[in-house]
Amino acid sequence: MAARLVQRCCWRHLGAFVSTPSAVPASLLVPAGKVVMARALPQAPFALFHTSSPSSWADGFSVKEQVEDSGNPEHKVIRELIETATSPQELFQLSELHELNSNQASLIITQLSRLAAEKNLNTESILQDERFQQLIGITDSQISQVWNNTLVNLLKSLYSLGMDSSRREMQSVEQEVLWRLRRLTFRQLASLAEFLAVKQGKESKLLNEVIKKLELRWTELEGTRTVVTLMAKVGHVSPTLMDRLEDKALELAEQFNPDDIRKITLALAYQNRRCVPLLRALSYHLIQKHPELSLNILMDLIFAYGKLNFHQPQVFQKIATDLHPHVSTMTPVEVTRCIRSFALLKWLSLPLSEAIAQYALDNTNQLSVAHLCNIILSFARLNFQPSGSEDFFNMVHKELQDQLDNLEPHLLTDLVWSLCVLQQAKAPYLQRVLAPEFHARIRGDQSLKAQNLRLKLIHINAAAKLESPDYRGPFLPAEMLNVAEPAGEKVTLLQSSLREALAGVLGSRDNGRFDVRTIYGWQIDAEMVVNNENKPLPVKDFAAPHLLRSEGTKPLPPGARRVAFLRWEFPNFSNRSKDLLGRYVMARRHVQAAGFLVVDVPHYEFLELKLERQRTAYLRDKLSKAMAKEMAR
């Protein structure tokens, strides 16, 4: 390093004593490809080389660099010949015809890289060419005289050409860039960081140093393009830099066009960064300023919102409305991606869902089994039944009946579970997943994935017992029906308030059970038994077929009914709706089919009541109405 510093000082002091030539050698003006006599360019004097002074490092092309480039006819002509070259041979011929300095050699290497990328050329043959080795040698011998912007482009070009990182010349360029980082402009740093993040990834030492400089100089950020590019390509490497970029993006939110908004939301989604203020600002300007959006932008936006679980009803409504006319021209992948994203967001758009169901009917031959399964899973989550339900499910059964053995176990379970939600599961589906050999593979597996699979199998088993009178088996064995309690489950406000209010309804703790885990895989928040006069009875005295082990043995008295109180939290409903999601609709059906009188306790009614006596009166009124409705049947 000391030797390199001494060399730089020598260049600076010697350059002051050398004069600039006034004439341009005729050989420079010879067109590329034409053979000339041996009349080479005279050795360029020291002053022609770009001196490595701090003032020249201020920008991509500093004032001094621009003066040297435009004021020297020799340099100008060579630069034009380099820029207009259309093949590696033309560029290599320039190096044979003219004696080049390090800047010119660097420009040729950069142009070689560009041509190789544009024309898909073999980079190995370029790297092994003897003339390329000469260019690298010229650059390496005068590396401190290469201009900043040219140096950054040179490094990127060498990476693109696939030059071995262990070569001394390559390490020399990297080291020079590392030394100059403080003097590069913010735009040059951003360009370099973008390239290194894509080409080398997080392990690059140079990238880490560049990012440190970007983090320190983030206030120099200007223009939407730089912000968008850094967020999309570099932000995942440094959370600290991403924080700064989010702040800047929030400041510039009004200036982003729809494609910028798309790129930013995708960057946030891929990095799982749910920056609510920024997402709100982008959503606002998207609605206010951009009435027309392309299909690609609509698809990427709904995907990003879905992955981030960010709810913005006005945006969802706009996207659903704008997507509706495009459905018939979309590909199966786009249709599947669209409905899955809306299902994740729990947003049911009836016109759009109907259009997708019709698309599936019209394009059955184009849909793969995976596409069809994803559509059914999404419809089940949203509890959507197409208006042409019979035609749609006839098509589904026809397409799937011969493919069940080819489905991965988890996908098959999800498919049958979804068909149970939609009340479309036929005996062949049930038999596949309830067969002993199918569920034997998850016995003893305590992983979260296996537990979720087991719970869905219990729900399917309940649907087979309670909703499929013609189904004769097989069923799950009793030891499979015991579900472990989820660890660390928090008690919600609705749950605790319901317990307190039920104390006044039950009168005694012996008259009720709380948090009842049934053999159907569903949890009942509270259970009680009432006689024909709506008076509570000791629940533990009576047989309980919905439990694995019943405490009592007595049958219910004539006219007595089991009552289940089911609370419905905010996440149990479709977005901005009072309609339950498919999972909870099935839960309510199963509890009711098991012989319970269901009393629904939705959050939007119960939590509006602030006094305990009001809540107790509310529950008694709901119970009386449920009993009266049952008696009226």
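Contact here means heavy atoms within 4.5 Å, and the views below come from a predicted model.

**View 1. Helix 17 and the helices that cover its buried residues.** Helix 17, which spans residues 313-323, is largely enclosed by the rest of the structure, because eight of its 11 residues are buried. Those buried residues are Pro 313, Val 315, Phe 316, Lys 318, Ile 319, Ala 320, Asp 322 and Leu 323. What covers them includes helix 15 (276-289) and helix 16 (295-308), together with helix 18 (332-344) and helix 19 (350-362).

**View 2. Leu 181 in the loop between helix 9 and helix 10.** The loop that holds Leu 181 runs between helix 9 (168-180) and helix 10 (186-199). Leu 181 has a relative accessibility of 1% and therefore counts as buried, the cut-off for that class being under 20%. When residues up to four places away in sequence are not counted, Leu 181 touches Leu 189, Leu 192, Leu 206, Glu 209, Val 210, Lys 213 and Arg 217. For Glu 209, which lies 28 residues from Leu 181 along the chain, the C-alpha atoms of the two residues are separated by 8.2 Å.

**View 3. The second largest pocket, with a volume of about 770 Å³.** This pocket is lined by 28 residues, of which Leu 344, Leu 377, Arg 381, Asp 414 and Lys 456 are the closest to its centre. Two or more lining residues come from each of helix 16, helix 18, helix 20 (369-382), helix 22 (409-421), helix 25 (448-467) and helix 27 (582-593), and the largest share, seven residues, is given by helix 18. By class, the lining of the second largest pocket holds 11 nonpolar, nine polar and eight charged residues.

Definitions and conventions. Residues numbered from 1 in each chain as written. Predicted model: local features only at pLDDT ≥ 70, side-chain atom pairs only at ≥ 80, totals over all residues. Heavy atoms only, no water. Buried < 20%, exposed > 50% of the residue type's maximum accessible area, 1.4 Å probe, protein only. Helix = DSSP H or I, 4+ residues; strand = E, 2+ residues; numbered from the N terminus. 1 Å grid on protein atoms, 1.4 Å probe; cavity = no way out; pocket = protein on both sides within 12 Å on 5 of 7 lines; lining within 4 Å. Points joined across faces, edges and corners; volume = space filled by probe spheres on them. Nonpolar A, V, L, I, M, F, W, Y, C, P; charged D, E, K, R; others polar.
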